[in-house]
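Q: Hi! I have a structure open on my screen and would like to talk it through with you. Could you take a look?

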Amino acid sequence: MTDWLTPEEWQAVALSLRVSFWATLLSLPIGIATAYALARGRFWGRQVLNGLVHLPLILPPVVTGYLLLATFGRRGTLGAFLESSFGLVLAFRWTGAALAAAVMAFPLMVRAIRLAIEAVDPRLEQAAGTLGASRPWVFVTVTLPLILPGIIAGAILAFAKAMGEFGATITFVSNIPGQTQTLPSAIYSFLQVPGGEPQALRLVLIAVAVAMVALLASEWVSRAVARRIGGA
Amino acid sequence: MTLSVSLRHGFGSFALDLAFEAPPGVTVLFGRSGSGKTSVVNAVAGLLRPDAGRISLGDTLLCDTTRRIHVPPHRRRIGYVFQDARLFPHLTVRGNLLYGRWFTQRATVPLDHVVDLLGIGALLDRRPGALSGGEKQRVAIGRALLAEPRLLLMDEPLAALDEARKAEILPYLERLRDEVAVPVLYVSHALAEVARLATTLVVLEGGRVTHAGPAAALLADPAAVPALGIREAGAVLEARVVRHEADGLTQLAVSGGTLLLPRVAAEPGALLRIRIHAQDVMLSRAQPEGLSALNILPAVVTSLRQGDGPGAMVQLRCGSDLILARITRRSATALGLEPGVACHAVLKSVAVAQGDVGRATDAAPRGG
């Protein structure tokens with residue numbers, strides 16, 4: 001298995017998988033809550049929230065990375081607080097790479113889930129209410145199962161995006177082999193070295209494979225879930 | 001348990017301002033579309049917060065705007081059957097039926113009983129997407145019943161169905177009325193449904209109650225006829241099946257005499273509701289002779305209501321029942337009809353249409 005990848009390359013692949021996994025998993029609950037608020041909420045500042053969520057999609061990734069560094073760096077307000085209260089350091093660590101990936105992937109995740117929530121008929125939720133279900137129970141027993149395909153699609157999309165995140169990651173946590181060198185950062189590094197193309201090419205193939213598998217898996221899972229829900 | 005409702009609510013140009021009581025049995029809210037029926041039902045369910053009003057069910061206060069009380073829908077224990085079934089697509093029929101059980105400690109209504117009552121045994125493992133409109137509606141009724149409601153709301157549950165599906169469901173609704181002790185508030189704009197199901201009738205027009213009272217009395221009240229629709233007007237009476245005769249007719253006993261109808265699918269002894277359209281009743285002062293009509297009942301005029309047009313609506317007492325006859329003003333004058341006058345009501349044999357004969361006690365068709 002490791003024969004055709006050098007330990008350094010292997011490290012980059014494993015790190016990327018780890019970063020993407022945690023980035024997706026931890027942002028999922030926040031993503032669902034945000035998508036619900038955007039789809040159903042009628043509160044002041046909804047458009048502002050919508051704009052904030054979509055900002056990483058539009059801003060140059062370098063800018064997002066810099067903003068993360070300014071906020072979560074050891075001298076940033078939140079960064080200093082996290083370090084002094086929880087001993088959690090994000091800058092130049094793989095955890096920071098996960099944060100950067102999560103922030104960059106967040107708009108895609110929220111979009112997919114929000115579309116799913118908007119497709120749920122609120123009258124079904126009303127019906128659940130008349131059958132004795134309180135608001136939280138309605139969400140768990142009716143809304144959540146109905147938006148499951150959207151959640152899965154959003155999660156897989158976010159995972160694929162996190163695997164490929166480069167700009168914000170390299171700005172926020174740099175490109176330290178074994179620490180913060182993710183798959184795209186490694187490809188970039190190999191391309192900077194004369195004769196590094198073969199190594200870069202191997203990683204590119206892995207990146208393409210991971211993206212394809214993620215895409216196919218998301219298609220397959222959401223179709224299976226939709227078939228179960230549709231009942232036809 | 002009596003539901004008592006008084007409401008005021010504005011929707012821009014339209015305003016709801018009404019009060020009525022729904023005693024046990026089936027209370028039908030009758031009115032044209034746009035008369036505010038669904039809003040009333042939504043307020044009772046708690047889905048609509050009225051501007052002002054008070055709603056109580058038995059001793060339980062559900063809503064009182066003066067005391068800022070508004071019990072949320074999930075705490076009201078009021079079942080709601082929507083016009084568009086609203087079954088949960090991700091659950092099987094069984095899952096839908098048992099949904100309300102997750103949120104109640106009571107389980108007095110057995111699943112088997114409801115499944116039998118509604119004839120949905122063969123559907124339990126299917127998903128709602130694979131059901132016909134009529135089947136969906138029956139499952140929706142079962143789902144509401146199994147949530148142990150203290151009141152059942154039905155918002156035009158038949159409106160989205162074609163005539164055949166309506167005919168399929170009506171017998172189940174009649175069984176529901178006769179076998180389940182839960183009071184029902186039923187919204188409808190079809191007088192045929194009212195005639196079959198209602199024990200109490202509340203007529204809405206433009207957000208206000210124009211008539212309210214026991215259904216049999218109101219359907220036979222000439223003053224209520226304009227609100228119900230002249231073409232459809234007609235009294236409802238109870239009849240008991242006496243016997244099936246050899247020539248294919250069925251003899252029925254009503255309080256004022258006997259009727260002969262083309263074979264009725266009910267056992268002797270069964271109690272039926274029959275409906276006699278006002279425009280299918282002829283009146284004669286003398287004992288009619290040489291007529292092809294089989295059904296002639298002696299009657300006494302109790303009231304007479306002249307319309308704006310050439311027609312008149314006559315209310316007659318037949319035994320202990322009231323029936324309506326729609327005749328012309330000219331005939332009413334010529335016959336000298338006025339309260340207290342005895343006459344004969346000639347019911348054209350077609351007047352009691354088979355489709356309008358409710359089956360109160362016989363077994364309803366099974367299966368899907």
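**Walking through the two chains**

A: Happy to. This is a predicted model.

Q: Nice. Within that pairing, which residue is the bridge partner of B:Leu7 in E2(B)?
A: That would be B:Leu18.

Q: And what is the strand order of the open sheet in chain B that has E1 in it?
A: The order is E2-E1-E4-E5-E6, five strands with antiparallel pairing.

Q: Which strands stand at the edges there?
A: Strand E2 (14-22) and strand E6 (69-70) of chain B do. Each has a single partner strand, so one side of each has no neighbour in the sheet.

Q: What lies across E1, E2 and strand E4 of chain B?
A: Helix H1 of chain B, residues 37-45. The helix runs at about 115 degrees to E1(B), and the E4 strand under discussion covers 52-57.

Q: OK, changing topic: how is chain B divided into domains?
A: Domain 1 is 3-219 and domain 2 is 234-359.

Q: How far apart are the C-alpha centres of those two domains of chain B?
A: They lie 33 Å apart.

Q: There's another open sheet of five strands in chain B, with E16 in it. What's the order?
A: E16-E20-E17-E18-E19, with antiparallel pairing. At the edges stand strand E16 (281-284) and strand E19 (321-328) of chain B, and since each has a single partner strand, one side of each is left without a neighbour in the sheet. On average, neighbouring strands in this sheet are turned by 45 degrees against each other, ignoring direction.

Q: How many bridges join E17 to E18 of chain B?
A: Six, between strand E17 (residues 295-306) and strand E18 (residues 311-318), and the two run antiparallel. As one of the pairs, B:Val300 has B:Arg317 as its bridge partner in E18(B).

Q: Let's go inside. Which residues touch the most other members of the largest nonpolar core?
A: B:Val44, B:Leu153, B:Ile323 and B:Ala345, out of 169 residues in that core. The largest share of this core comes from helix H5 of chain A (residues 94-118), with 18 residues. Domain 1 (3-219) and domain 2 (234-359) of chain B each supply at least three residues to this core.

Q: What does B:Leu153 touch?
A: Leaving out residues up to four places away in sequence, B:Leu153 touches B:Val41, B:Val44, B:Ala45, B:Ile78, B:Gly79, B:Tyr80, B:Val81 and B:Leu185.

Q: Now chain A. What is its secondary structure?
A: Ten helices and zero strands. The C-alpha trace of chain A spans about 70 × 45 × 30 Å along its principal axes.

Q: How much of chain A counts as buried?
A: 41% of its 232 residues. Among contacts in chain A between residues at least 6 apart in sequence, 74% join residues at least 24 apart.

Terms used: Residues are numbered from 1 along each chain as its sequence is written. Chains are lettered from A and ligands numbered from 1 in the order in which they are written. This is a predicted model: local features need pLDDT of at least 70, side-chain atom pairs count only at pLDDT 80 or more; totals for chains, interfaces and linings use all residues. Two strands pair if DSSP finds at least two bridges between them. Helices (H or I, at least four residues) and strands (E, at least two) are DSSP runs, numbered from the N terminus. Two residues are in contact if their C-beta atoms, placed from the backbone, lie within 7 Å. Axes are lines fitted to C-alpha atoms, for helices over the stretch in contact, and angles run from 0 to 180 degrees between N-to-C directions. Domain bounds come from an automatic or database domain assignment. A nonpolar core is a set of buried Ala, Val, Leu, Ile, Met, Phe, Trp, Tyr and Cys residues joined through C-beta atoms within 7 Å. A residue is buried if 20 or more other C-beta atoms lie within 10 Å of its own, exposed if 12 or fewer, and partly exposed in between; C-beta atoms are placed from the backbone.
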